[in-house]
Structure formats: structure tokens, C-alpha cells
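Q: I would like to learn how to read sheets and charged side chains in a protein model. Could you walk me through it with an example?

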Amino acid sequence: MNRVLFLIIMIFVVLTFSACTESLTVLSPINTDSIEDMEVFPITLKYCIVDTLHEIYQANIFDVERRKEFYENSDKWGKNHYEWLIATYNQMPEDMKKNLNIAFRDMSTWTLMNNLSMLDNDAGIDDIKILIESIKFSINQNSKRALVYIIDEFYNRYFKTYFEDNLPVFESLAEDMNEKLALYDNPVDIISDYSGIYLGEKKCVFFYTLRKVGAYLFKVNDLTISTLQYNADEPKYLFRTALHENSHPFFQTFTKTADFKDLANEIKNIKAFYNFWNDNESLKASYTWTSFLEENLVEGFAKFLSYKIFGESGDPTYYYDYPFYEFLLEKNFSPEKYTLEEISYMFYELQLKNNDK
């Protein structure tokens, strides 16, 4: 083999291997053994400082009108939070605003917060900053540098007092929620029972954030971690998020296949559905076309489970989530009658058939 070609190949292999085995600096790691089978935690700095910076970016730069709409009919706390997002951005010096835009313009916020999941729940700003600085491959490095550049000033000038003032509210909320959850099964167990798919035993934990819209699912060892919106103040709202976020791995047993991607390409012919996604920059920033098909299925299934547990499904969220929920009810879905994959294909193939009429 040509020596130069050999060296190029070896360099590529080393870089690829390094990217897959990134070593992070975690000075205060989370102790998963100390966490209950299902447990709710109040707001924590390790999630909220990044998540709130991202929400400031969304509310003031990237998704202004939609974020305003989300908070228009909020309760008093939500309206105050939205006003704080706007006022804080307006108070920022121009250099910080510029770096905020750079930080989140090309940042995978999920990837960053997923890495932060490895920190202890009491991790401080220095622990957070050191871990972020140690990320070399999984997030955009220009974005990372911009975030590291502003995070100390943001914390000290704006966020520290705001976080500490609101912490008692969420401590009380988490304590109350943990008492109420004693009546319910673990969400992953519920999803496993209704889907007929077993993916192993998992502890389900929840962390409040300050935002009203948007949640994430992370995994650390045997934990599945769902973030919660501030207004999830009853089990039915907490489960609505948890059943959605924890359902993704069950659907991904088939949505990651070539067959499902082929189906997604066919469904582009349903123009109203495709344009619903394609014309919405916020959706396109969050989902590929194929993952948006999965998102509609997941949300419809979560509504189905919410109905089975609490007798209510919630309002439509996307385009096909509510129709899929109704389809599951109509078919009286159970794993004894259909697999999750079969019922999902049946639903989308029916939409294609109806589109051709």
C-alpha cells in the first residue's frame, strides 16, 4: 500500500476512534446508586444554566414569535419568567449577545446537556465549565468556545440570583410530586407493557427546568432522565412528558431502519404534512424529516398511554400525533394484536392511501 495513503487511513481511524471514545473531565460524578426507581428533582444548575441560556436565545434571536405565543396565556410565574428572558437579553452587553448567538446557532443543546448529565446534582459552575471545556468532538467547537466565554459572566451577573430565588419553589414542587408518584408504576415499565418491547430495567428520574415548552431525555447507566417544564405540577403532566420522552427508544427499534427511511420518503408526497415540517424552521432545527415522522408517532402513543392511565390525552401537538392516538384507540391497540412497528406502518400507509384518493 502507498505509504502516504496508509498514513491518511491511519489518521482517519485514530480520529474516528477518538471521536467515539471522548474522555470528559467529570470532577463531581453523579451517584446513580443513591437514586430511587422513580424520583423527581428540583431545578439543578447543571441543566438549567445551559437550558435557560438556550431559551434566552430562542426567545430573543431564533424563534421570537413562537416563544412569545407560548407564554402569552401563561400563569403569573410563566409570564414573569418570559419577561425575565427578554429583560436579561436586553441588559446583556453586545459582546455577550454576539457570543450567545454563536454558542447556540450551531450547538446541539441535547448533546451538551446529555454530557452534563454525568455531573452530580449539586455540581457548581466550575464543575460545569470544566466539563464543557473538555468536550472535544461531540459539539461544535466554535459554539463551545463562545459558550465558555460568556458562561461565568452570565451566571454571576444574571443567573445566580434568579436561580437561587426560584429554587425553593421547585424544591417544594418536587417534594410534592414525589409523594404523588408513589401511586404509579415506572413510565418505562408502562411503555414496555403496552408496547410488548422489553429494553431492560431502568430507573426513571425527572429534573425540573425553568422553561414552559421543550423537554429532553438523557441516559446515564441505568437511568433515563427526563427534563420537565415548570408547569408539570401534577402526575398526569409529568407522565405526559415522561411517556413521550421514554417512548423514543422503543420506536427506534424500527425507525432507524432503511425500510422506515423509505417510508419517510414516500410520505413526502403528503404535501400538507411535509410542508408542516418544511416550512417551520424551529421544527427543522429539532428534527430531520424521518425523525419528525417518529416524533408524531411517539407523541400519539404517549397520548394513548395518558388516556389509558389518566382518562385524558391532551391537545394535538403536531400534525399526525392526534390522528395516530385516535387510530390506536380505534384499533384497540395491544401487543397481543399488533407489534408497535406494525401499527405504525399501518397508520402511515393509511395516510398515503387517503392522500391518493
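A: Gladly! In E4, Val 220 has Leu 223 as its bridge partner. Keep in mind that this is a predicted model.

Q: What else stands opposite a residue of E4?

A: Ile 225 in E4 faces Phe 218.

Q: What happens in the hairpin between E3 and E4?

A: Two residues lie between the strands there, and Asn 221 adopts a positive phi near 55°.

Q: How should I read the sheet as a whole, and in what order do the strands come?

A: Start with the general idea: strands of a sheet pair through backbone hydrogen bonds, and the pairing can be parallel or antiparallel. Here four strands make an open sheet, with the order E1-E2-E4-E3 and mixed pairing. At the edges are strand E1 (38–41) and strand E3 (217–220), each of which pairs on one side only. On average, neighbouring strands of this sheet are turned by 25° against each other, with direction ignored.

Q: Now for charges. How many salt bridges are there?

A: The general idea is that side chains of opposite charge can pair when their charged atoms come close. With a cut-off of within 4 Å from a Lys or Arg side-chain nitrogen to an Asp or Glu carboxyl oxygen, the count is 14 salt bridges. One of them joins the side chains of Lys 129 and Asp 152, at 2.4 Å from N to O.

Q: Why does the pair of Lys 129 and Asp 152 tie together parts that are apart in sequence?

A: Lys 129 sits in helix H7 (residues 125–134) while Asp 152 sits in helix H8 (residues 141–181), so the pair links parts 23 residues apart in sequence.

Q: And which residues form the negative surface patch?

A: The patch consists of Asp 259, Asp 262, Glu 266, Glu 341, Glu 342 and Glu 349. Helix H11 (258–267) and helix H16 (340–356) each contribute at least two of the patch residues. Glu 349, for instance, is in helix H16.

Definitions and conventions. Residues numbered from 1 in each chain as written. Predicted model: local features only at pLDDT ≥ 70, side-chain atom pairs only at ≥ 80, totals over all residues. Heavy atoms only, no water. Pairing = 2+ DSSP bridges. Axes fitted to C-alpha atoms, helices over the stretch in contact; angles between N-to-C directions. Patch = residues over 30% accessible without salt bridge, like charges linked within 9 Å, V, L, I, M, F, W, Y side chains within 5 Å. Areas by Shrake-Rupley, 256 points an atom, 1.4 Å probe, with all protein chains shown as cover. Lys, Arg positive; Asp, Glu negative; His and termini not counted. Charge placed at Lys NZ, Arg CZ, Asp CG, Glu CD.
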